[in-house]
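Subject: Structure handover, with notes on interfaces and salt bridges

Dear colleague,

Please find below the structure I promised to pass on to you.

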Amino acid sequence: MSADRGNVKILVFACRWCGLIGADGAGRKRIELPSSFRVIPVDCAGYVEPDAVIRAFASGATGVAVLGCHVGGCRFNDANHPALKRLEMLKTLLDTTGIGGNRLLLGFGTAHESHQYADMIVDFHRELEGLPSMASWLSPGQ
Amino acid sequence: MLEPIRQKAKEILEKKEADGVLGLRKGLWDVIHPHVFTTPEEIDALVLEPKWLLAKMARAILREKPRSYRLAVAVRGCDERALVELIKRNQIDHERLLTIGYACDGGQAKACLCSRPYPQKLDAGSAVEGVDPLADERVKAYLEGDAGERMEKWTAQLKRCIKCYGCRNSCPICVCVPCKLEDDVWVERGVIPAEMVSFHHIRAFHLSDTCVACGACQEACPVGIPLMTLQLSMRAALKKEYHYEAGLDANRKSPVLFDFEKEPRPGQDVPDWVDSMGKKP
Amino acid sequence: MQPNEKKKRTILVVGAGVAGMSAALDLAGGGHRVHLVESGYDLGGQVAKLDKFYPTDHCAFCPLWTEIRRCKENPSITIHAHGRVETMEKANSGYRAVIAESTPVIDPELCIYCGRCESACPKGIARPIWEHAYPPVYLIDEDRCGECRACADVCPTKAIGFDREEAQTELAIDEVIWSAGFTEVSLAPLKEYGWGTHPDILTSLEFESWKAEAGENKGTILRRSNKTSPRSIAFIQCAGARDLRLLPQCSAVCCMHALKQAQWVKRRNPGIDCVILYTDLRTVGRNYYEYALRDFGGNGVRLVRGRPSLIYPLPGGDGIAVKFEDTATQKREIWKFDMVVLNGNLKPTLSSMPAGNARPELDGEGFVNNTATSCGFVMEPADVTESAIQAASAALRSILVDKS
Amino acid sequence: MSKISLFLCNCFGEIGKVIDLESLKKRLETDPAVESITIVDSLCMPGDAAKAQVLIRERGIGKVLIGGCSPYGKMEFVKLGLAKEGTDIRTVRTVDLREGCAWIHGKDPEGATRKAANQLEMELALLQNMRDSKDVAIGLQQEALVIGAGPAGLSAASGLARLGFKSHLVDRGSAPGGLLNVITKTYPTDEPGPEKIKSLVDETGNNPLIRFYAKTKVSSVKGYAGDFKVKLAGPGGDTALRVGAVVLATGARILFPQKMYGYGKIKNVITQMEMERRFATGALNCKRAVFIQCVGARSADRPYCSTICCPLSLKNAMRIVDETPGAMAYVLHRDIMTPGSLLEAYYRKALQKGVQFIRFDADRPPEVRGQEQVSGVEVFDTISGVNRVIESDLLVLSTPFIPDPESAALAGMFDIPVDKYGFYSEGYPIHPLETRNDGIFICGTARWPVSSDQAIAQGEAAAMKAASFLGKNTVSALTMSRVPGGKLGHASADAAACTGCGNCVAVCPYKACRLQRMGNRSVSRVIKVRCKSCGNCISVCPNGAMQMPEQNYRVTGEIIRRAFREVR
């Protein structure tokens, strides 16, 4: 199976309080990032349904990133704890079936960490480039 | 083993502990089918084989009947765990349910890859040691290898799916109406084989913390996809990280639903920064 | 009487840090009119410039930003940024206040943060505001500006103007809340601390922005002198504070602040040796003492009781020597560190003292504590939690003060 | 369906220099939901909002989508500007094309344009299908309940009453005052404790807006912020109240130093509270008093500092030195906790008066000498490094505040968390008196050990917070959030689809979901006031019965499908 170079599509769910602001900080600093990602702002990482992550893969994303707040710094009374637990469980499932848990990036940090968010996206993009294509998952033809 | 179960069922009916006993009956032409026994006399037709999960049926019966109605169910280990999960999800009223538990023999356990081939409340038979499913060759074949190999194996399996929904319908815990798997938003309709990513992953993930590893989905699958194997690593992860196993304690909900304070990971601190690429900024 | 028939008052809040904003929001919530005067560019005060918060170790940004937005969006709150109270006089049952508002060289209303001024400025003094200001703008250091106007020519929104007049507003107010915060006082008079003699001797606020994750070093800890990683950092407590020569008071926040910084360094760079030289470890808040005891697998911050008598850079860039007596062993020590962070030189400030017969009275140490309606650091050294509590109580007092 | 007007802001070339706005316009014009697309140079300059509003009104367009800078740039102000001009802010959505696209993909204009188109299409999907949550108006009960009549509770009740709100002050004791009743002098002003709260206690008796319930406890709590239904059990029977806000000021206890330093066995080993009683009765007679700090505090069991014990010892030590000529006072401490300017000055005063301070190490605590009567204390002075024996006829143990055992039960009733020691805990350090359950405020030593001055200030502060919460007669559930502009919406469960599994009830961090019996099954119901729209319930709902109308799963699905869509 050929590597997925040139076909990286990352869907980013970013929490408005940390992830999105961190990403915004990267924009302010004009840090150059690959244009392979799309952002869906959510109010809290808790809003990210694992089903939606699965749907994203089914709709052609080759990677999904969920950016939320520090584990202890959630605006919603630790609503991000169950979110983190759920998504880690989903990574286990993705690992089992060979889609690979490494296609799901969880980044729970703070709003100030714009450099880190930027690095994370760049590294994630690079990692996805090296992974085999997901085409056989999407077109089940013989 | 059959006799003590029949005895127990008769007792329950005689003492009016329950209004009916749900079990398998050998009926006309020796056809075996689930049946609610209501009189002690009937019980003589009660049989235990083959393996037939009755949990969902018990739920349906209890929903139909008035609230005063009590039901006893003859259960194996997996069936009891499924009932516990249903109780946890408010599908069955704990007070209205009695179980008559019997253990499976080693052969059955091996066939089912069952790690707990006995109910917690055991009325007949003696518990035999379970099998570690993850150590079995049939399972290992699907969990071994690198991502590429597993992807190949699984796509080869899943593309045989004919989208009969048998896995969902046979599952003793899948009770949702409507079901996400029938919704266009999640799974493209009118497409066969079913969308491999969405259909199977959504189904498997919904059961991640609920699956009692009864194997009903796998047995129901007409094309023989090893569906239970999908759940095993998630079950193992729950056990390892939170010491949780579905179907054991009706009072403990899935740890995935709670924050780290209420459901901590034993032996691990709450991480201050999580980055699944394993780097700390 | 129905609660909402109570007389609505107009309150002037001076200083829009955590305390000022908190008081303003509580008052506005109660239906009172608030004028919020802030000398700086934006609301948020000192906390807006902090990288991390104690004891949670998270950034303070989102709760603070929420407060800022609530202030800006509340129709009962009028904000006078870049403002100062010029006059404060008693009048009728309340006060008459004159507020002077200026616009900085780059008008924040018009600045779109495009950064063209930065590249046009020959002196390199048009700089982005601190990392966490929202919305972001550029600032020009007016003291160093030669008014060449190169920036004004490239600014697409004509936001840059050099000859702006101050606008004055006269307000009739019922009560005033003094909620100005603190400022760093120069440690230059206390020669033994060596502040200003070497780039690796920093004050804690300098260190905070130096180590900031959004800052220029991406959160990596580096020496300021040669941008290499330090092997050891000393945090010196009570530098300038609890010292009758400079600040007699205890600044209350510095012990926790140093612990926070030291632990953060440790967490990210376990190899850096962090030593806190303290006099009394004042950790009185919720979870503060436990915070001090945190140990990263036996690799925690070292707490040493001792007050340095001399801090001096070693020749040849070989680090900073700290001479002190370890009171646990009664031994005089000279330890070598790569960086030294000085903590404690915080003093209360009113950025400008108004004229008039109702100006606040300062006590000997510069605090405004003889009125019932002051709050935050300007009343008494306080951290965020304490400031917010004092603010709400000052807000209550300001509407209940009986003038009859 | 109302059509959408799209504004693409060029931001004076900042966006246009990377993103090809014209081709973007061409591509989006084919979308049937889009009525018009306008490329503008700026939207944030003075007057721009009015111009945009003219366009919006001229075309009679219902919803507005703006592509421009990020919401953390100027976009919030653009939205506010439009709101001022009369646009309903809930119909305006924005897409970040500057920070999130042009500025970070400067070297890839093609990719940036593609991304901009996708992001705009995603937002279009949301805007098209957005529904508004059904809002409810909550009638706020204009009364408050204050539990605990110590200094904090008294000042809270008084503050509320003086602001015009009727307050019910409940205490399990027979008279108000709390711990201050036994304090003969408070630091740093030396004012007697009862004196300090005299005016507050008097007000409790005189102000018709304060009703005091002695020997009364809370027996049950129902309801939510704005309308709590509370039952009180007192000597006169049960009372049912409906209050809008609750202030918890239940206070704390002081640790009894059982088995420490010979307490209970050796005579004249006493606690600070016993010392206060001796001061009160004039029975204090000592020449050499020794105070030991941190008895049972800052230890493995209670790793916290109780805040008040150091100043308390300073005060009592000075009192002994002042009142008995020739008397000596020694304070054995681990750190003198006198933060701030007033207390630090107080500490300096004690030093000037000749109070002796000896620092000991936690690993080498002082030892008491004497069999029946204290004769002295042996301590290793860490500063001079010598063992010292101090002759003494009185040993005072400074013990910390410990949480009241009843606090936890009360916290359970009111759904607020307690910290690991048992003190009530707040949501954020920046909102120190507010709990995660709206309408419930905490203050005084029940929250965290504080001095009486601080407790009174906290009481006032809690009164202010409660009053500004109660300030309106009715409030919409959508605005019950600390987030500006209200919350996104609130979740609501589709009763027909809900299986009643209870996942949402378990996962909700605000306890906003509740199961309700409906025929032979249970279904989930969302208490709209409590919901803060974090979305967890939606994520754990197995079949999508729980939804947020503003962004339901159909929208999410559509957004995801559009994320990487190429030109049709």
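I begin with D:Glu323, which at 46% relative accessibility counts as partly exposed, where buried means under 20% relative accessible area, exposed over 50%, and partly exposed in between (1.4 Å probe, protein chains only). Please keep in mind that this is a predicted model, in which local features need pLDDT of at least 70 and side-chain atom pairs count only at pLDDT 80 or more, while totals for chains, interfaces and linings use all residues. Residues are numbered from 1 along each chain as its sequence is written, chains are lettered from A and ligands numbered from 1 in the order in which they are written, and side-chain values use heavy atoms, with hydrogens and water left out.

Salt bridges within chain D

The side chain of D:Glu323 meets that of D:Arg319 in a salt bridge of 3.0 Å, N to O; the term stands for a side-chain nitrogen of Lys or Arg within 4 Å of a carboxyl oxygen of Asp or Glu. The two residues lie 4 apart in helix 10 (residues 309-323) of chain D, and so are separated by about one helical turn; helices (H or I, at least four residues) and strands (E, at least two) are DSSP runs, numbered from the N terminus. D:Arg319, for its part, is buried, with a relative accessible area of 11%.

A second bridge joins D:Asp415 to D:Lys511, with the closest N and O atoms 3.3 Å apart. This pair links distant parts of the chain, 96 residues apart, since D:Asp415 sits in the loop between helix 12 (405-413) and strand 23 (440-442) of chain D, and D:Lys511 in the loop between helix 14 (503-507) and strand 26 (513-518) of chain D. D:Asp415 counts as buried at 17% relative accessibility, whereas D:Lys511 is partly exposed, with a relative accessible area of 39%. Salt bridges that share partners also join C:Arg242, C:Asp280, C:Arg282, D:Arg298, D:Asp335, D:Glu344 and D:Arg359 into one network. Over all chains, the structure holds 99 salt bridges.

The interface of chains D and C

Here 75 residues of chain D are in contact with 73 residues of chain C, contact meaning heavy atoms within 4.5 Å. The two chains bury about 6100 Å² between them, 58% of it on carbon and sulfur atoms, where buried area is the accessible area (1.4 Å probe) that two parts lose on being put together, summed over both. Across this interface the rule finds 11 salt bridges, one of which pairs D:Arg348 with C:Glu365 at 3.5 Å between the closest N and O atoms. That pair crosses from helix 11 of chain D to the loop between strand 19 (346-348) and helix 8 (384-400) of chain C.

D:Glu460, in helix 13 (residues 452-470) of chain D, is buried at 14% relative accessibility. Not counting residues up to four places away in sequence, D:Glu460 touches C:Ser393, C:Leu396, C:Arg397, D:Ser155 and D:Ala156, and with C:Arg397 it meets in a salt bridge of 2.8 Å, N to O. Helix 13 of chain D gives the most to the side of chain D that touches chain C, with 9 residues. By class, that side has 35 nonpolar, 21 polar and 19 charged residues; Ala, Val, Leu, Ile, Met, Phe, Trp, Tyr, Cys and Pro count as nonpolar, Asp, Glu, Lys and Arg as charged, and the others, Gly among them, as polar.

The interface of chains B and D

In this case 20 residues of chain B are in contact with 22 residues of chain D, and the chains bury about 1900 Å² between them, 48% of it on carbon and sulfur atoms. B:Arg63, B:Val185 and B:Leu257 supply 30% of the area that chain B buries against chain D, more than any other three residues. The rule finds 2 salt bridges across this interface, and the side chains of D:Arg561 and B:Glu188 meet in a salt bridge of 3.7 Å, N to O. On the side of chain B that touches chain D there are 8 nonpolar, 3 polar and 9 charged residues.

With best regards
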